[in-house]
Amino acid sequence: MSGSGLLWAAVLFIYLGPSVAQTVTQPQPEESVQEAGTVTLDCAYSTSESDYYLFWYKQPPSGEMVFIIRQNAYEQQNATNDRYSVNFQKEAKAFSLRISDSQLEDAAMYFCAYSGAQ
């Protein structure tokens, strides 16, 4: 990527661990943002459990899966990690990732993940 410094992110879902009838959905297939801008990636999930974990990972073109951030369902405060933050809405079952001050190395596939606490 060169010139405009345009970033892209395609979002997919992943489910970790054994559990019953859990789903994770990421509605937007692709998102673009100018370098140094802010982008929000959405994730919705469905679960009947009360204790669980939600994660965001990214997979850059080099192929390795990189952990970004984790949210514990029992914590009310939104998780943050450097330029990454989440907006966790337990009642709405929504879990979005906000990337601020976007950089070229943020161009990647982004994966929202769910894991039961057991």
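**Figure 1. The disulfide of C43 and C112 in the predicted model.** The link between C43 and C112 is left-handed, with -75° about the S-S bond, in a model that is predicted rather than determined by experiment, where local features need pLDDT of at least 70, side-chain atom pairs count only at pLDDT 80 or more, and totals for chains, interfaces and linings use all residues. Residues are numbered from 1 along each chain as its sequence is written, and side-chain values use heavy atoms, with hydrogens and water left out. The sulfur atoms of C43 and C112 lie 2.0 Å apart, a disulfide being a pair of cysteine sulfur atoms within 2.5 Å, and the structure holds one such link. The pair joins distant parts of the chain, 69 residues apart, with C43 in the loop between β4 (39-41) and β5 (44-46) and C112 in strand β11 (residues 108-116); strands are DSSP runs of E of at least two residues, helices are runs of H or I of at least four, and both are numbered from the N terminus. C43 is buried, with a relative accessible area of 3%, and C112 is buried as well, at 0%, where buried means under 20% relative accessible area, exposed over 50% and partly exposed in between, with a 1.4 Å probe and protein chains only.

**Figure 2. The whole chain, as a setting for the close-up views.** The protein has zero helices and eleven strands, and 42% of its 118 residues count as buried. Its accessible surface comes to about 6400 Å², of which 51% belongs to carbon and sulfur atoms; such areas come from the Shrake-Rupley method with a 1.4 Å probe, and for residues only the protein chains shown count as cover. Among contacts between residues at least 6 apart in sequence, 58% join residues at least 24 apart, a contact meaning heavy atoms within 4.5 Å.

**Figure 3. The largest nonpolar core.** A nonpolar core is a set of buried Ala, Val, Leu, Ile, Met, Phe, Trp, Tyr and Cys residues joined through side-chain atoms within 4.5 Å, and the largest one here has 21 residues, with W56, I69, F95, L97 and Y110 making the most contacts inside it. At least two residues of this core come from each of β4, β6 (52-59), β7 (66-72), β9 (84-89), β10 (94-99) and β11, and the largest share, four residues, is supplied by β11. In soluble globular proteins, nonpolar side chains tend to be buried together.

**Figure 4. F95 and its surroundings.** F95 is buried, with a relative accessible area of 0%. When neighbours within four places in sequence are left aside, the residues in contact with F95 include L41, C43, Y45, L54, W56, V86, F88 and C112, so that both cysteines of the disulfide are among them. The rings of F88 and F95 have their centres 6.3 Å apart and their planes at 85°, so the pair is edge-to-face, and F88 counts as buried at 10% relative accessibility. Rings of Phe, Tyr and Trp (its six-membered ring) pair if their centres lie within 6.5 Å, with planes under 30 degrees apart counted as stacked, over 60 as edge-to-face and the rest as tilted. The structure holds eight aromatic pairs.

Figure 5. F111 is found in strand β11 and counts as buried at 9% relative accessibility. The C-alpha atoms of F111 and K58 are 5.9 Å apart in space, although the two residues are 53 apart in sequence. Ring pairs also link Y53, F55, Y57 and F67 into a cluster.

Figure 6. I99 lies in strand β10 and is buried, at 2% relative accessibility. Some 61 residues separate I99 from T38 along the chain, yet their C-alpha atoms are separated by 5.6 Å. Beyond neighbours within four places in sequence, I99 is in contact with G37, T38, V39, R83, Y84, D106 and Y110. The charged end of R83 sits over the ring of Y84, 5.5 Å from its centre, which requires CZ of Arg or NZ of Lys to be within 6 Å of the ring centre and within 35 degrees of the ring normal. S96 is also placed in strand β10 and counts as buried at 11% relative accessibility. Not counting residues up to four places away in sequence, S96 touches several residues, including T40, L41, C43, W56 and V86.
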